[in-house]
Amino acid sequence: MSRLRTRFAMALLLAFGAVRVAHADILFFDLNDSEQEAEAVQQAARERGEKVVAVQLVENETRERIRGMLKEQGLAEKKKARACKTDPESESCGEAKKVSAQADWDYNVETKKMKKFGRNELLNTMGDLKKQGRDVSSIVVSGHDGDRQLWGTFGSFSDHDLEDAMLENKPLADNVQALYLWGCYTATTDDFMRGWKKAFPKTAIAGFYGQSPLGTRKKSSTLLRDMLVKERELLEARDRKELGNIFKSLSDVNGSSAAMCVNSDVVVNARGAHSLSDDIDVCTKGSAEEDKWNKVYQCYFFAEEGCEDVPLETDGTSVVRKAYDYAQKTKHCDEIQRKAGQTRLLSPLNLRTLLFDNVIRGSFERLHAKEIYQFNVLLDQLGLPEDKQLDRLGKFKSKTRGDMSRKEYLERMTYLKNFWNDKMQALKDSAGHVHDARVVAMGYYLDEFDKIQSGRCVPGTWVEENGHLDESPCGIRQGMRTALSRAQAKVAEYRNEDRAVDRAEDRVAPGPAAESLEPAAPAPVEAARFPRPSRPERASGRASGRASGQITGDSD
């Protein structure tokens with residue numbers, strides 16, 4: 001036993017070094033603007049005899065203004081909840097809704113124009129630290145996690161961004177003992193195997209294999225402070241038993257999903273220490289649990305009987321959250337099963353999209369209110385009744401807006417696609433061309449709606465109620481805005497092709513002079529005039545008065 005302990009200790013000493021660098025710094029990125037976690041890092045640094053380099057993500061004035069607006073937003077939301085609790089139709093409830101919507105609008109406007117911290121700022125920051133000759137002992141990043149993309153109010157960056165920044169400024173990473181990724185699902189087996197390792201091959205990685213405590217809760221800050229303070233003890237533990245005991249002694253660790261990978265193989269959490277290879281073995285065996293969560297996913301994804309709507313609750317009480325937790329916990333199996341020629345249905349990204357389905361649809365509607373309004377104008381002109389158009393797409397926990405279940409949404413989209421397909425089939429000429437730009441445009445719009453079911457097209461901010469909404473990386477807004485102009489261009493292209501065919505036929509059979517091959521100028525199309533309600537109204541729902549909008553398209 002003593003030999004095993006000696007070998008274990010020697011391995012850790014070789015990996016991390018026995019002595020902490022003197023006058024080192026803890027580097028802190030507070031993407032989530034958690035004042036409690038910032039204070040916890042400061043306290044830990046004092047106990048370690050080190051300093052904190054807190055990276056300034058935004059100007060102080062901007063940060064204080066955003067914090068003030070967040071407080072106003074929270075107060076307005078509480079007042080709305082109280083006013084609407086007994087009578088959602090009361091005058092006081094209506095007034096509270098307006099105040100809350102205005103607070104949301106003001107916050108969104110402010111955060112949208114704010115310059116956020118990102119990849120370029122990260123590269124510049126690391127370059128400056130290198131020039132200053134800084135020694136970094138630990139790195140702490142506080143934020144939300146979106147598949148190794150850490151983000152928050154003040155910015156975001158990915159594992160590749162951090163790796164590139166460290167590799168371009170090589171000496172900075174040499175003495176980093178531990179990397180603390182303080183967000184949900186940042187310390188899964190997949191993270192330990194594939195993420196964050198390129199620039200930190202010998203660095204301990206700590207975070208959460210499941211949900212993390214909110215940054216505003218004391219539990220999050222006390223656990224972070226204690227882990228930083230006991231970092232050396234954890235890294236210099238003689239064996240797995242001692243490592244597990246030290247970890248279990250951390251403040252507020254019991255009941256949490258906190259975990260740390262102290263080298264390339266040993267992982268410790270509140271249940272004790274184990275080997276990564278134990279987690280890998282799970283992937284090669286058939287699993288009844290895998291089958292169970294596959295059935296849950298498919299049931300809610302297709303809104304089957306008993307699963308017509310995804311639960312509004314997104315915490316640990318939700319069966320979809322439990323499926324998401326399982327998918328995150330076994331994410332490393334994706335690559336292993338792929339190499340074995342197996343296809344895995346469960347994807348953390350797709351399950352996240354399903355888990356927050358109601359909020360994502362609501363966020364999509366809030367961000368694209370003008371484009372959805374123009375789409376409904378188009379549907380008006382194509383003869384669809386208003387009850388078959390798109391409105392109130394998502395549900396929020398507050399239940400103050402939105403009333404469409406997932407089943408209703410899927411049925412509505414199926415109806416629209418069938419309507420569009422029938423129109424296309426009815427209008428096709430002998431060459432398979434459709435000359436009504438409105439019908440062609442409808443297809444382009446529907447393509448953009450389909451994207452919100454794809455996890456890669458949904459930004460992390462879309463799962464937050466009433467927060468700032470980032471644009472989709474899949475260009476959804478641009479796709480909707482250009483749907484009609486692209487359709488008009490396509491119809492003009494069809495006309496040109498038809499005239500070319502007519503011209504060729506005229507050469508074979510002489511007759512009256514053929515028309516010019518020059519494309520006819522399309523009829524002028526006036527974009528829908530979106531009514532301009534007060535700002536809070538635009539932030540919180542679809543404007544009324546759609547009948548005044550005008551969209552016209554070429555039709556033969």
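Colleague: So which strands form the open sheet, and in what order?

Modeller: The order is β4-β5-β6, 3 strands with antiparallel pairing. Strands here are DSSP runs of E with at least two residues, helices are runs of H or I with at least four, and both are numbered from the N terminus. Two strands pair if DSSP finds at least two bridges between them.

Colleague: Before we go on, what sort of model is this?

Modeller: It is a predicted model, where local features need pLDDT of at least 70, side-chain atom pairs count only at pLDDT 80 or more, and totals for chains, interfaces and linings use all residues. Residues are numbered from 1 along each chain as its sequence is written, and side-chain values use heavy atoms, with hydrogens and water left out.

Colleague: Thanks. Which strands are at the edges?

Modeller: β4 (144–145) and β6, each of which pairs on one side only. β4 pairs with β5 over 2 bridges, while 4 bridges join β5 (residues 149–152) to β6 (residues 155–158).

Colleague: How many residues sit between β5 and β6?

Modeller: There are 2, and the two strands form a hairpin.

Colleague: And which residues does L150 face across the sheet?

Modeller: L150 is the bridge partner of D145, and L150 also stands opposite F157 in β6.

Colleague: Is F157 buried or exposed?

Modeller: F157 counts as buried because its relative accessibility is 0%. Buried means under 20% relative accessible area, exposed means over 50%, and partly exposed is in between, using a 1.4 Å probe and protein chains only.

Colleague: Let's switch to aromatics. How many pairs does the whole structure have?

Modeller: The search finds 12 aromatic pairs. Rings of Phe, Tyr and Trp (its six-membered ring) pair if their centres lie within 6.5 Å; planes under 30 degrees apart are stacked, over 60 edge-to-face, and the rest tilted. One of them is F29 with F117, which is tilted because the centres are 6.0 Å apart and the planes are at 50 degrees.

Colleague: Which parts of the chain does that pair tie together?

Modeller: F29 lies in strand β1 (residues 25–30) and F117 in the loop between α4 (91–113) and α5 (119–131), so the pair ties together parts 88 residues apart in sequence. Both F29 and F117 are buried.

Colleague: What about F117 and F157?

Modeller: Their ring centres are 6.4 Å apart and the planes are at 65 degrees, so that pair is edge-to-face. F117 is in the α4–α5 loop and F157 in strand β6, so this pair ties together parts 40 residues apart in sequence.

Colleague: Which residues make up the ring cluster?

Modeller: Ring pairs link F364, F375, Y445, F449 and W462.

Colleague: Which charges sit over rings?

Modeller: K388 lies over the face of Y415, 4.8 Å from the ring centre, and the charged end of R486 sits over the ring of Y444, 4.5 Å from its centre. The test is NZ of Lys or CZ of Arg within 6 Å of the ring centre and within 35 degrees of the ring normal.
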